[in-house]
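User: I would like to learn how to read strands and pockets from a model. Please take one feature at a time.

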Amino acid sequence: SIKNIFKFSGYNCVGVNHLGDWGTQFGKLITAYKLWGNKEDIEARGIKALNEIYVKFHKEAEEKPELEDEARANFAKMEQGDEEALSLWKWFVDISINEFKKTYDLIGADFESWRGESFYFDKTDRVVNELREKNLLSVDDGAEIVRLDEYDMPPCLILKSDGSTIYATRDIAAAMYRKENYN
């Protein structure tokens with residue numbers, strides 16, 4: 001709706017669907033799939049089956065917190081380029097996008113860009129390097145952060161202690177990309 005209003009008002013608009021298609025939640029889903037998933041069931045029931053094993057992960061993790069470590073390890077594998085982890089991730093994302101498109105079609109939403117978080121992953125090194133060059137990164141308990149004390153804000157985590165990125169890192173990369181490509 002906002003895009004349509006601005007477009008009607010004469011602005012040059014780019015519809016960006018910034019999908020949350022990267023992050024620890026996919027490590028959790030990979031872990032859940034390996035423990036309780038069934039390929040045939042997921043192919044037949046799609047997002048409903050994925051949601052069920054994701055919910056089960058969270059319930060089981062309350063009793064077995066080590067599952068959270070396994071999920072973080074699976075996400076780290078994604079970031080390191082592990083073929084099996086990336087193959088599962090891609091499959092899960094494709095299932096999700098197919099479901100999203102049904103809703104978008106119902107409400108008449110369209111997008112020129114379908115670049116989610118994963119698109120920006122290989123652009124995060126630039127963010128980290130620029131923050132380092134500007135002496136804005138600090139190490140805190142093994143993680144790398146930008147301190148925002150002077151703005152009365154908590155620090156912004158850029159790299160976790162295991163070296164993996166977080167949403168904020170990818171979001172900064174997205175902002176830089178959009179500025180350069182869409183102004």
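Analyst: What follows covers a strand with its neighbours, then a pocket. This is a predicted model, where local features need pLDDT of at least 70, side-chain atom pairs count only at pLDDT 80 or more, and totals for chains, interfaces and linings use all residues. Residues are numbered from 1 along each chain as its sequence is written, and side-chain values use heavy atoms, with hydrogens and water left out.

User: Are the faces of strand 2 buried or exposed?

Analyst: In a regular strand, side chains alternate between the two faces of the sheet. Strands are DSSP E runs of at least two residues, numbered from the N terminus. Buried means under 20% relative accessible area (1.4 Å probe, protein chains only). In strand 2 (residues 143–146), Ala-143 and Ile-145 on one side are buried, as are Glu-144 and Val-146 on the other.

User: Which strands pair with strand 2?

Analyst: Pairing requires at least two DSSP bridges between two strands. Strand 1 (residues 137–140) runs antiparallel to strand 2, with four bridges; Leu-137 has Val-146 as its bridge partner. Strand 3 (residues 156–159) is also antiparallel to strand 2, joined by three bridges, and its Leu-159 stands opposite Glu-144. Two residues separate strands 1 and 2 in a hairpin, and Asp-141 in the turn has a positive phi of about 55 degrees.

User: Which helix gives the largest share of the lining of the largest pocket?

Analyst: Rolling a probe the size of a water molecule over the atoms shows where empty space is left. Helices are DSSP H or I runs of at least four residues. Helix 6 supplies the largest share, five residues.

Key:
Buried means under 20% relative accessible area, exposed over 50%, partly exposed in between (1.4 Å probe, protein chains only).
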